[in-house]
Amino acid sequence: MKKYKWVIIIFNLILLLIYFNYSVVKKETLLKNGQPILLKLAPVDPRSLMQGDYMTLRYDISNNINAEKIPKRGYCVVTLDSNGVAQRARFQKEATPLKSGEYLIKYSSPNQWNINIGAESFFFQEGHAEKYSKAAYGGIKTDKDGNSLLIGLYDEQLKQIQ
């Protein structure tokens, strides 16, 4: 029995490593090939004292919605203006159909007041809070399946804050 215990532990570790590497490759592919989209930020408390220099992000596309009338999980369909800034078109449960020039962002709705797209937190180096407090846009990259990844914060002139 003792022999099988080590085989099971090693097998589980190998599975964990495979899953972890798959997740990393998937995120790297999204960073490399994803569609860049800028989302206007809605006002929010810029720091969390308990977690250090950290910013909670809230997006304008999640304002003025009645989350009770949309699916708990689904897709926010957006269109982009000439600057790459997203404008909410609609919410839908399925990934299709899409019109030309529309992009998907997966969301979940934890409560009746807002939606989460999975990029609601931004950590930055201690002492840089003032620089990031000027952020007006959150930059994400999305793939054709609506998966999104936060790539940075942008100022009013659409320049990435470094």
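Strands are taken here as DSSP runs of E covering at least two residues, numbered from the N terminus. In the predicted model, strand 5 comprises residues 102–108 and includes Leu104.

The secondary structure of the protein chain amounts to 2 helices and 8 strands. Their order along the sequence is α-β-β-β-β-β-β-α-β-β. The C-alpha trace extends over about 60 × 45 × 35 Å along its principal axes. Of the contacts between residues at least 6 apart in sequence, 57% connect residues at least 24 apart.

The chain contains 162 residues, of which 36% are classed as buried. Charged side chains number 22 positive and 15 negative, and a distance of 9 Å separates the centres of the two sets.

Leu104 is counted as buried because its relative accessibility is 3%, under the 20% cut-off. Apart from neighbours within four places in sequence, the residues in contact with Leu104 include Tyr75, Cys76 and Val77, together with Gln92, Ala95 and Leu98. Thr142, Asp143, Lys144 and Gly146 are also among the contacts of Leu104. Glu94 is 10 residues from Leu104 along the chain, and the C-alpha atoms of the two residues lie 10.0 Å apart.

Trp6 belongs to helix 1, which covers residues 2–33.

How values were computed:
Residues are numbered from 1 along each chain as its sequence is written. This is a predicted model: local features need pLDDT of at least 70, side-chain atom pairs count only at pLDDT 80 or more; totals for chains, interfaces and linings use all residues. Side-chain values use heavy atoms; hydrogens and water are left out. Helices (H or I, at least four residues) and strands (E, at least two) are DSSP runs, numbered from the N terminus. Buried means under 20% relative accessible area, exposed over 50%, partly exposed in between (1.4 Å probe, protein chains only). Contact means heavy atoms within 4.5 Å. Lys and Arg count as positive and Asp and Glu as negative; His and the chain ends are not counted. The place of a charge is taken as NZ of Lys, CZ of Arg, CG of Asp or CD of Glu.
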